[in-house]
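Please read this report with the sequence and the structure side by side, and try to find each residue as it is named.

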Amino acid sequence: MVDQQVLGRVLKEAMKAGKYTLGTREVISQVKSSKIVIAASSIAGPAGTQLKLEAEKNKVPVVILDKNSAQLGKLLGRPYKVSAIALRQVTESDLRSLQA
């Protein structure tokens, strides 16, 4: 279970700094330059599988939240659904706490 306070802070910092990529297809193409990928529980099908495979191939951790894409979009302050977000700037301690 991901600590919601840490998750909220990390996402807020990434959004403020502009060090993120939104959307499954965009995340798949940018996974090499990412430190961590956060995905909604509703990610499925070929895109979800491809995202996981690309992340595994590039040794980027994937955190599947217990939130659907609408809830993840709301958490990010977006008025639309977000299935996945790749973060390019995360501290090591935050990275460890998100993976725990």
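E13 counts as partly exposed because its relative accessibility is 42%, where buried means under 20% relative accessible area, exposed means over 50% and partly exposed lies in between, with a 1.4 Å probe and protein chains only. The residue E13 lies in helix α1, and helices here are DSSP runs of H or I with at least four residues, while strands are DSSP runs of E with at least two, both numbered from the N terminus. Although E13 and V90 are 77 residues apart in sequence, their C-alpha atoms are 8.8 Å apart in space.

The model is a predicted one, in which local features need pLDDT of at least 70 and side-chain atom pairs count only at pLDDT 80 or more, whereas totals for chains, interfaces and linings use all residues. Residues are numbered from 1 along each chain as its sequence is written, and side-chain values use heavy atoms, with hydrogens and water left out.

Helix α1 also holds K12 and Q5. K12 counts as exposed because its relative accessibility is 64%, and Q5 likewise counts as exposed, at 67%. K59 is found in the loop between α3 (45-57) and β3, and at 75% relative accessibility K59 counts as exposed. The phi angle of K59 is near 55°, which is a positive value in a residue other than glycine.

The table sets out C-alpha separations for pairs that include these residues.

| Pair | Apart in sequence | C-alpha to C-alpha |
|---|---|---|
| E13 and V90 | 77 residues | 8.8 Å |
| K12 and L75 | 63 residues | 9.1 Å |
| Q5 and K59 | 54 residues | 25 Å |

Which residues of helix α5 are buried? In this helix, which spans residues 92-99, they are D94, L95 and L98. These residues lie on the same side of α5, because they cover an arc of only 105° around the axis, the arc being that of the directions from the helix axis to the C-beta atoms. Among the elements that cover the buried residues of α5 are α1 (4-17), β2 (36-39) and β3 (62-64).

Seen as a whole, the protein has five helices and four strands, and from the N terminus on its elements run α-β-α-β-α-β-α-β-α. Of the 100 residues of the protein, 44% count as buried. If contact means heavy atoms within 4.5 Å, then residues 24 or more positions apart account for 79% of the contacts in the protein with a separation of 6 or more.

The radius of gyration, taken over C-alpha atoms, can be set against a globule rule of 2.2 Å times the number of residues to the power 0.38. The protein has 12 Å, which agrees with the value near 13 Å that a compact globule of 100 residues would have. Taken along the principal axes, the C-alpha atoms fill a box of roughly 30 × 30 × 25 Å.

The protein exposes about 5,800 Å², and carbon and sulfur atoms supply 50% of that area, with accessible areas coming from the Shrake-Rupley method with a 1.4 Å probe and, for residues, only the protein chains shown counting as cover. The mean positions of the 16 positive and 8 negative charges are 5 Å apart. In that count Lys and Arg are positive and Asp and Glu negative, while His and the chain ends are not counted, and the place of a charge is taken as NZ of Lys, CZ of Arg, CG of Asp or CD of Glu.
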